[in-house]
Amino acid sequence: MEDTYNNRTSLVKGAKDIVKEAKRHAAKKVNKAVDRATDEYSSHRNYSRFQDEEDEDEDFYRNPPRQDGEGYRDNEEGSSDATEGHDDEDEIYEGEYQGIPSAGDKKHKEGQVALGQPMSDATRDRNELEQERQAEEEELAQQYELIIQECGHGRFQWQLFLVLGLALMSDGVEVFVVGFVLPSAETDMCVPNSSSGWLGSVVYLGMMVGAFFWGGMSDKLGRRQCLLICMSTNGFFAFLSSFVQGYGLFLLCRLFAGFGIGGAVPIVFSFFAEVLSREKRGEHLSWLCMFWMIGEIYASAMAWAIIPHYGWSFSMGSAYQFHSWRVFVVVCALPCVCAVVALTFMPESPRFFLEVGKHDEAWMILKQIHDTNMRARGQPEKVFTVNRIKTPRQLDELVEMESESGNPVSKAFYRMKAEIHAIYLNLLKCFNYPMKENMTRLAIVWFTLSFGYYGLSVWFPDVIKHLQADEYASKVKIHNNEQIEGFTFNFTLENQIHRNGLFINDQFINMKLKSVTFVDSTFRNCYFDDVTSVGSLFRNCTFIDTVFFNTDIDETKLIDGTEVINSTFTHNKTGCQMTFDDDYSAYWVYFINFLGTLAVLPGNIVSALLMDKIGRLSMLGGSMVLSGISCFFLWFGTSESMMIFMLCLYNGLSISAWNSLDVVTTESFPTVRRGTGFGFCNALCKLAAVLGNLIFGSLVGITKAIPILLASSVLVGGGLVGLRLPDTRANVLM
């Protein structure tokens, strides 16, 4: 009787192996249409087909075979050929120490497992385990779609929509705050022309590194946690940058601020997509894109309202200056601070928890989503019916560890090295078959769209400034061979050129010189008191017995052989003097950007409403091609009004491409690589922005042909590549 029972026990274990093997093969065929699963869910509203598979194996242990044979009937009369002659003493139990196998044993047992014994992961091939995990991820994707449909779309999604929208708004503010602050910051900090422009490049460099790093880390640590860290980093250094005085420290602060905010876009879209059902995903991700536009409007409006007001400033002696542009930097950090506070009240993505094997935590968050939405609908009595959710197999990763005796700095270095290496390996999987071709196309579309958009975004305002400068120069007043004696200048001189002038016993008191140039002029026994000169120069002039008191006139403005004879300079103003009083051009530039941003609103609304109707790819390719074609009309942009109209048209057409590209990128990657893949694409976006700024900025005022042809060809080519991307509209989130 004892031998019979042992044989039956072995038979049960052998049958269990057969069931598992059959289950593994069946898992490879679970990629059924989600519509069929949805119909099943709608009619039965249960998840028994997912639970029965997991419970099947446990039935052997809950209901063991009885000794009288009634609990288990064997079709082969109680024993099988596979288990015949099997000795219980030869059975190897999982976890039992078996010693080091000999060479002969290894050859004999390689690739084999004792009959009736489960195959452990240690004896399985890595590729085979990854294939099983992929099959389980596909099964989870189908089940998760049904669960999200049961949770519904309601109050929870809208709360998360607003919170993540603040984070995305901060990214839009960070991109545009650089352009608005750049002229004022470089003037205030006396930055020479050779160093001008570094601020924009450094910020984009930080955003490029941050996008890749934080996007990859979000696949390891979680969406919410990484978003909190990167937004806190951005808020702290953005706020700190408004108080530092040196240009080098200011660049460093903006570099770290850009590094922080770089992770916002890949994490925000990944996070929000993982709580949306397939039917809602395209439309609501497009609505989320509007917050980036709101960030542009916020930055433009604040720049227009704050920066030109030079009176909104204070100083502590000549060493510390806090001008209006610094107030603008502080105000632009407020959306980031609000996002950090709001994020502390939101849970982690349940899809991420399931992916890393945290079933209970994911179930609690899904129940919270369900209960929140049901209470908002007035159905608090509705019960969350999900009992068990499929979790993919967790594969161990080899991580290089530092010894316990190492110092904290060394441990942190090794930990960071290991995390970066893991992100790199995860990125390489994005370029493996079958994702390689799609990943390459996505990278091309991201690069071309960013290169054309950011390049023209720099070129448009600079061309308008160039037109304004030409118009301003055409109105200059020229005074030749004038002789003024005993006169007091106590008013502003602007946009004038004085040649061969003679000034004797004249007083220049409490006045401003704006874009005034004195050429070959002589000043004898003159008195300069509290004079501010902006864009003014003295070329080959002579000062004799002249007193300069509390002025900003120094050797940088006395050029081309200017001589100073028996003259004194006392209490000179230090630092670079800024003034926006009556500066029409400053208001006009900010107002132009404000109009260009408002032109994005119709495109945002249209793309959100039509995203699921005409498809992501049609909108992406069509928008990029139309944007490229619209560039040809720049040939006719000979006036400010025409250039402003073309700027608004271009922005309105290109925004649909951005929205659809964000949606397609989010849906193209599995959950374990969504942050990494999106982060890599966004890093390419920032690299293209730097190249676009450098190339298009160098062509301002030189030629129109190269920027127009370059932008048009890049946008049209990228749009045609985008049309060859796979349609992700019917995808469930893998």
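This is a predicted model: local features need pLDDT of at least 70, side-chain atom pairs count only at pLDDT 80 or more; totals for chains, interfaces and linings use all residues.

## One side of a helix

Side chains of opposite charge can pair when their charged atoms come close. In this model, the count of salt bridges comes to 13.

Let us look at Arg223. Its side chain meets that of Asp219 in a salt bridge, with 2.6 Å from N to O. Are these two residues buried or exposed? Both Arg223 and Asp219 are buried.

Arg223 also has a salt bridge with Glu274, and here the N to O distance is 2.7 Å. Glu274 belongs to the loop between helix H10 (264-273) and helix H11 (278-306), while Arg223 is in helix H8 (residues 223-241), so this pair ties together parts that are 51 residues apart in sequence. Like Arg223, Glu274 is buried.

## A partly exposed pair, and a network

Now move along to Asp560, which forms a salt bridge with Arg539; their closest N and O atoms are 2.8 Å apart. Which parts does this pair tie together? Asp560 is found in the loop between strand S14 (558-559) and strand S15 (563-565), and Arg539 in strand S11 (residues 537-539), so the link joins parts that are 21 residues apart in sequence.

What about accessibility here? Asp560 has 48% relative accessibility and therefore counts as partly exposed. Arg539, at 31% relative accessibility, counts as partly exposed too.

Some salt bridges share partners, and in this way Asp219, Arg223, Glu274 and Arg674 are joined into one network.

Which residues make the nonpolar surface patch of about 710 Å²? They are Leu626, Ile629, Phe632, Phe633, Trp635, Phe636 and Leu709.

Take Phe636, one of the residues of this patch. You will find Phe636 in the loop between helix H20 (616-630) and helix H21 (640-668). Why does Phe636 count as exposed? Its relative accessibility is 55%, and exposed means over 50%.

How values were computed:
Residues are numbered from 1 along each chain as its sequence is written. Side-chain values use heavy atoms; hydrogens and water are left out. A salt bridge is a side-chain nitrogen of Lys or Arg within 4 Å of a carboxyl oxygen of Asp or Glu. Buried means under 20% relative accessible area, exposed over 50%, partly exposed in between (1.4 Å probe, protein chains only). Helices (H or I, at least four residues) and strands (E, at least two) are DSSP runs, numbered from the N terminus. Patches are made of residues with over 30% relative accessible area and no salt bridge: like charges are joined within 9 Å, nonpolar side chains (Val, Leu, Ile, Met, Phe, Trp, Tyr) within 5 Å. Accessible areas come from the Shrake-Rupley method with a 1.4 Å probe; for residues, only the protein chains shown count as cover.
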